[in-house]
Amino acid sequence: MSFSLKYTIPLITILFIPTQVFASTSSTLTLSLDTVWVATAAALVFFMQAGFALLESGMSRSKNSINVIMKNYTDACIGSLVFWLIGYGLMFGNNPSGFIGVDHFMLSAAEPFDYTTMLFQTMFAATAVTIASGAMAERTHFRSYLIGAVVITALIYPIFGSWVWGGLYGGQGWLAEIGFIDFAGSTVVHSIGAWIALAGIIVVGPRLGRFSPDGKVHSIAGHNLTLVALGGFILWVGWFGFNGGSTVAGSADIGLINLNTQLAAAAGVVGTLLSLIIMGKPVYLTMIINGSLAGLVAITAGCATMTPDFAILTGLIAGPVLILSTKLLETLNIDDVVGAVPVHGFCGAWGTLAAGYFKSDDLFNVTQLFVQLVGVSSAFIWAFSLSFIMYKLIDLIIGLRAESIDEQRGLDYTEHNETAYPEFQQENLFNDVQER
Amino acid sequence: MLQHSVMETETNNMSRKRRAVYQALYPYFSGKQLIEAMWLWNDNYSKEGSPTMREYVAQVTENTHNRKHHREIYNSIMNNFLLSSDELVDDPMNTMLAYRSGKIDLPDSQSEPLLMKVPLNIVFNCLLLNFYNQLAEENKYQAENVIKFFSKTIHNLILDTEKSKEILKWQQRPETFLGSPFTKEEFSAILHILYVGACEFFGPQKTDHFLSSAVKTAENLPEAHHADPKQFL
């Protein structure tokens with residue numbers, strides 16, 4: 001062996017070792033960073049459950065406030081278990097047909113990041129399922145609602161999800177294949193949840209006295225607007241995890257995504273405010289808070305693919321969409337307690353269309369808009385029709401609607417034998433709450 | 001003419017007072033005891049002023065199990081003197097006369113303890129009346145719609161002829177007392193149907209407010225010690 005060869009090989013080896021070590025360290029670091037970010041984002045998304053609970057409970061009458069929170073709390077728990085059991089596999093499992101995932105059920109022996117992904121997606125499933133609770137509040141049996149929650153997280157939500165986000169382990173959803181864009185779930189999560197809610201509120205019917213036989217609409221004010229406002233803020237904070245976490249990586253894109261999220265939410269409020277003023281209507285706090293949520297829902301699909309100016313436009317237009325769709329539901333005598341269908345359904349649909357039309361590298365592409373329309377329509381047809389059948393069956397078999405005497409007494413008492421504010425509710429309530 | 005009018009007023013006043021005393025006594029007395037207590041008032045105390053009522057109550061409760069209710073009975077009489085005619089039960093004079101002339105024979109005490117049942121009627125009627133009056137004060141036309149809704153719905157529930165008659169009578173004059181052949185469960189159902197009707201025409205929030213207020217009023221009745229108005233909710 002010549003001198004040069006004798007020394008060259010170790011030298012080359014020495015030179016390359018740090019690079020290999022560095023490469024290995026770098027990928028570990030990236031994985032760790034991704035995991036930390038996505039797990040944190042998952043926690044933020046879970047915190048949105050608290051936001052939903054406060055918002056929905058505050059918008060309900062005090063005699064139903066525990067029932068609303070119970071539904072939020074328990075559907076998140078049931079949703080988590082059912083999604084682990086079956087939902088995740090159907091949504092993200094190998095998807096050869098483009099319509100349904102076929103493996104990765106009951107995930108228990110997987111790559112470390114799979115657990116992180118599953119954690120994050122579980123929170124999304126819990127969000128989708130909880131949307132219906134607010135819309136159907138104050139007149140739906142607790143047990144019937146929970147059965148609905150099981151079916152939603154086991155079938156309705158994950159199967160549609162597989163059409164857009166499926167094929168994490170092979171294959172691709174049919175909507176993704178035709179180029180449908182829904183970055184964080186304006187349609188996949190929010191609209192699906194809202195169309196389920198719409199079916200639910202049609203089957204369950206309006207609350208007692210919401211619409212008079214003579215056509216008059218009786219507004220039923222919530223019992224605590226402070227809770228509503230706090231709930232709105234918590235949802236807003238959680239949305240940074242919802243949209244930012246959808247990168248599923250600690251990437252530099254998070255800045256733009258969360259900036260768009262913030263701007264669209266703010267624009268949603270302004271859009272709502274302007275619409276109300278132009279229409280000569282009073283500016284209610286609940287509408288303003290729903291305005292911010294409308295902006296947030298709308299930007300969810302396109303937060304990663306829009307420039308901030310279009311994010312603002314998307315949020316701004318979500319305002320009138322919210323107001324007009326709320327009016328439409330009232331005209332049709334459909335009683336949505338918290339405005340879940342206008343916020344998550346109509347604004348989700350609008351945001352999904354905007355994501356295609358305002359895509360920064362392909363602005364105003366009509367073909368893309370058509371693809372988005374196909375996605376939005378298929379979400380409605382799938383979620384509404386299936387959940388309509390589901391709620392009808394639940395209603396036939398065990399009953400969905402609480403008795404009118406239960407509505408008089410309040411579901412807190414009739415379903416849970418509790419009162420939310422015992423010090424203040426004595427005059428309305430029954431002397432046997434504790435003894436029953 | 002004037003003299004005739006004064007006499008009529010006095011008779012009416014006497015009748016109203018008798019109804020007030022009767023309404024106060026019948027939660028506590030029944031059968032012969034009740035009618036004899038009424039005759040005692042009629043013969044010896046009806047023309048006396050209110051201060052003699054203490055003496056009267058002491059006399060009727062003496063040597064009876066109602067001695068411990070002495071104060072409550074007295075308060076109830078005083079309270080009933082302030083009630084309007086519509087809020088009082090019918091004049092018992094016909095029954096009193098029939099008893100004195102021997103046309104009817106009353107038991108010493110009735111099989112169903114009136115102490116339990118009568119306050120139920122009074123409290124319920126107070127609750128119902130107050131609830132309805134608030135609806136009528138808010139909007140007379142809509143209150144009539146509530147009664148129309150009530151009459152359409154109630155017949156699915158009350159099938160008994162006598163009870164139906166009472167209901168019909170009340171529907172025609174909802175500002176008066178509803179007769180008393182109903183059970184507690186039927187009272188609850190009657191109130192609930194009225195509640196549903198009120199929700200339809202006044203909205204649930206106003207209805208809840210009126211109902212809460214009616215419950216509060218009924219809770220102030222002395223009879224509410226024996227019959228909590230919340231049991232009808």
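Biologist: What makes the span of helix 7 of chain A close to the expected one?
Modeller: In this predicted model, helix 7 (residues 225–244) of chain A has 20 residues and reaches 29 Å between its first and last C-alpha, against 28 Å expected at 1.5 Å a residue. The helix bends by about 25° at A:Gly238. At its start, a side-chain oxygen of A:Asn224 comes within 3.0 Å of the backbone nitrogen of A:Thr226.

Biologist: Why is helix 2 of chain B called roughly perpendicular to helix 5 of chain B?
Modeller: Their packing angle is about 100°, with the axes 10 Å apart. Angles of 65 to 115 degrees count as roughly perpendicular, so helix 2 of chain B is roughly perpendicular to helix 5 of chain B.

Biologist: Which residues meet there?
Modeller: Among them are B:Ile35, B:Met38 and B:Trp39 in helix 2 of chain B, and B:Met96, B:Leu97 and B:Tyr99 in helix 5 of chain B. The contact residues divide into 7 nonpolar, 2 polar and 4 charged.

How values were computed: Residues numbered from 1 in each chain as written. Chains lettered and ligands numbered in written order. Predicted model: local features only at pLDDT ≥ 70, side-chain atom pairs only at ≥ 80, totals over all residues. Heavy atoms only, no water. Axes fitted to C-alpha atoms, helices over the stretch in contact; angles between N-to-C directions. Helix = DSSP H or I, 4+ residues; strand = E, 2+ residues; numbered from the N terminus. Parallel < 35°, antiparallel > 145°, perpendicular 65-115°, else oblique. Contact = heavy atoms within 4.5 Å. Nonpolar A, V, L, I, M, F, W, Y, C, P; charged D, E, K, R; others polar. Expected span 1.5 Å × (residues − 1). Bend = angle between axes of the 7 residues up to and from the residue. Polar contact = N/O pair within 3.5 Å; in protein donor to acceptor, adjacent residues only side chain to side chain.
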